[in-house]
Protein chains: 2
Amino acid sequence: MRHDEQVSTPKTTPRTRYHHGDLRNAMTDSAVELARAGGPDAVVLREVARRVGVSATAAYRHFSDAEALLYEVKGHALESLARSIGAAVAAVPADGDPGDVAVAQLRAAADAYIEFAVNNAGLFMTAFCLTKVPGQQFEGVPFTEAAAFQALGGLLDRIVETGRMPAERRPGAEIAAWSVVHGHALLLVGGPLERHLSEEEQAYARERTLDMAIRGLIAAD
Amino acid sequence: MRHDEQVSTPKTTPRTRYHHGDLRNAMTDSAVELARAGGPDAVVLREVARRVGVSATAAYRHFSDAEALLYEVKGHALESLARSIGAAVAAVPADGDPGDVAVAQLRAAADAYIEFAVNNAGLFMTAFCLTKVPGQQFEGVPFTEAAAFQALGGLLDRIVETGRMPAERRPGAEIAAWSVVHGHALLLVGGPLERHLSEEEQAYARERTLDMAIRGLIAAD
DNA sequence: GGTCATTGTTAACGGTGTCAACATGAGGCA
DNA sequence: TGCCTCATGTTGACACCGTTAACAATGACC
């Protein structure tokens with residue numbers, strides 16, 4: 001995601017040299033911080049330039065658009081989410097019945113998804129805000145080919161392999177599983193349930209929701 | 001939602017009288033149209049004023065804020081969604097096994113939710129965009145007390161009453177069910193799946209997702 | 001018929017994204 | 001070494017946005 005790592009410059013101190021040396025990365029980093037704190041609407045080009053200590057129009061040497069900058073941030077946010085989920089899955093003990101392990105991994109992934117959204121609301125909302133891709137007309141790579149989506153598919157495959165889920169139920173299961181966690185996350189953060197549930201209610205609701213989802217995937221008809 | 005219905009004025013023709021006579025409703029209507037076509041970001045105060053044929057600052061006689069106008073539109077969008085769902089539920093034939101009817105009604109509601117989102121993307125996104133409530137600090141009425149949410153609860157209650165769902169599974173079921181449809185809708189409209197699924201794929205994914213949800217609610221463990 | 005609150009208006013401010021024109025300086029080539 | 005060039009910054013300007021303050025028209029009520 002970063003462009004070229006070799007050159008590095010202190011990010012905060014007002015620079016002395018005319019050329020920044022690493023402006024693109026500096027702006028991206030600063031924009032990510034803004035997004036983390038305030039969501040997609042908070043990443044405003046002029047503010048980013050101000051923070052990096054550069055004129056607003058300098059951004060146009062590195063980003064075609066203000067939206068291109070936001071798109072970059074979006075990528076970072078999605079990466080960050082994927083890392084959190086990956087770590088959670090990896091932390092599941094792999095001993096015991098393979099079916100149990102596979103199901104536990106799926107549940108850990110789902111839990112991590114929602115946890116990330118709650119703990120990093122700004123980044124999460126940025127990860128899923130609408131953005132036109134700079135070059136292309138819409139999303140360049142179909143999202144169904146993204147790494148995170150493929151990983152989810154892998155988890156579901158293992159559940160089928162271990163006999164916990166009928167194979168004929170497999171197609172479309174990624175989207176079904178993703179729908180639940182995505183919807184639950186968005187109800188809690190930036191949605192109608194925001195600030196309406198106590199800590200306990202929130203934990204309870206999440207558990208109930210994931211129970212339903214897992215049961216829906218693996219239970220007999 | 002409308003303020004007072006008695007006075008009515010042609011909405012599009014450039015008015016002749018100094019006072020509009022029904023400006024608040026006219027602006028709301030115009031804003032709804034903008035939201036329908038372009039989502040929440042498309043409802044911009046100056047454009048609304050322009051369309052109604054009035055100066056931008058006239059809006060401040062009727063709305064405290066640009067956000068207050070958007071909030072009004074949000075209300076309309078939520079009402080519209082609720083009406084669509086209500087109609088779909090009412091259209092389910094009520095004869096046959098009560099359990100079957102109750103489950104069919106829930107499924108119809110879920111389907112209508114997603115259908116509304118797909119067919120009215122702009123309105124749907126506006127219905128769930130973040131807005132500060134004009135007067136209060138955050139959402140005034142807890143959303144869990146909104147009519148639509150209560151109606152969903154009623155559907156789930158009937159499923160329990162007819163013995164299709166264990167009573168101990170009832171608490172939290174609204175949020176679980178809502179999470180699925182909300183997430184699925186948002187993946188399809190304004191989300192990562194937008195424009196990546198064909199008509200058939202979309203219908204298939206929706207069916208699979210709702211299968212999972214219903215099974216998760218009513219299947220035996 | 002005069003008074004006055006209501007509901008419009010214009011002018012202006014600060015903020016935003018963006019473009020055009022100009023300035024700087026780092027790197028390659030003589 | 002010195003120059004040229006081009007990538008990378010800068011300033012200035014424009015249009016658009018939300019919002020406020022000050023002013024004007026209207027219509028309702030005594």
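Helix H7 (residues 173-188) of chain A meets helix H8 (residues 199-218) of chain B, with axes that come within 8 Å and cross at roughly 65°. Keep in mind that this is a predicted model.

**Where the helices cross**
- The crossing of H7(A) and H8(B) is right-handed.
- On the H7(A) side, the contact is made by Ile175(A), Ala176(A), Ala177(A), Ser179(A) and Val180(A).
- H8(B) brings Ala205(B), Arg208(B), Thr209(B) and Met212(B) to the contact.
- Sorted by class, the contact of H7(A) with H8(B) has six nonpolar residues, two polar and one charged.

**Around DNA strand C**
- DNA strand C is surrounded by 23 residues, and the closest are Arg46(A), Arg50(A), Thr57(A), Ser55(B) and Arg61(B).
- If you look at the atoms of DNA strand C within 4 Å of the protein, 52% belong to sugar or phosphate, and the rest belong to bases.
- Arg50(A) goes for the phosphate, with a polar side-chain atom 2.7 Å from a phosphate oxygen of DNA strand C.

**Around DNA strand D**
- There are 24 residues around DNA strand D, and Ser55(A), Arg61(A), Arg46(B), Arg50(B) and Thr57(B) come nearest.
- Of the atoms of DNA strand D that come within 4 Å of the protein, sugar and phosphate account for 49%.
- Here the largest share of the nearby surface, three residues, comes from helix H2 (residues 45-52) of chain B.
- By class, the surface near DNA strand D has nine nonpolar, eight polar and seven charged residues.
- Ser55(A) uses its backbone: a polar backbone atom is 2.5 Å from a phosphate oxygen of DNA strand D.
- Arg50(B) uses its side chain, where an N or O atom is 2.5 Å from a phosphate oxygen of DNA strand D.
- Asp65(B) also has a polar side-chain atom by a phosphate oxygen of DNA strand D, at 3.4 Å.

Terms used:
Residues numbered from 1 in each chain as written. Chains lettered and ligands numbered in written order. Predicted model: local features only at pLDDT ≥ 70, side-chain atom pairs only at ≥ 80, totals over all residues. Heavy atoms only, no water. Near = heavy atom within 4 Å. Polar contact = N/O pair within 3.5 Å; in protein donor to acceptor, adjacent residues only side chain to side chain. Axes fitted to C-alpha atoms, helices over the stretch in contact; angles between N-to-C directions. Helix = DSSP H or I, 4+ residues; strand = E, 2+ residues; numbered from the N terminus. Left-handed = near helix turned anticlockwise from the far one by under 90°. Contact = heavy atoms within 4.5 Å. Nonpolar A, V, L, I, M, F, W, Y, C, P; charged D, E, K, R; others polar.
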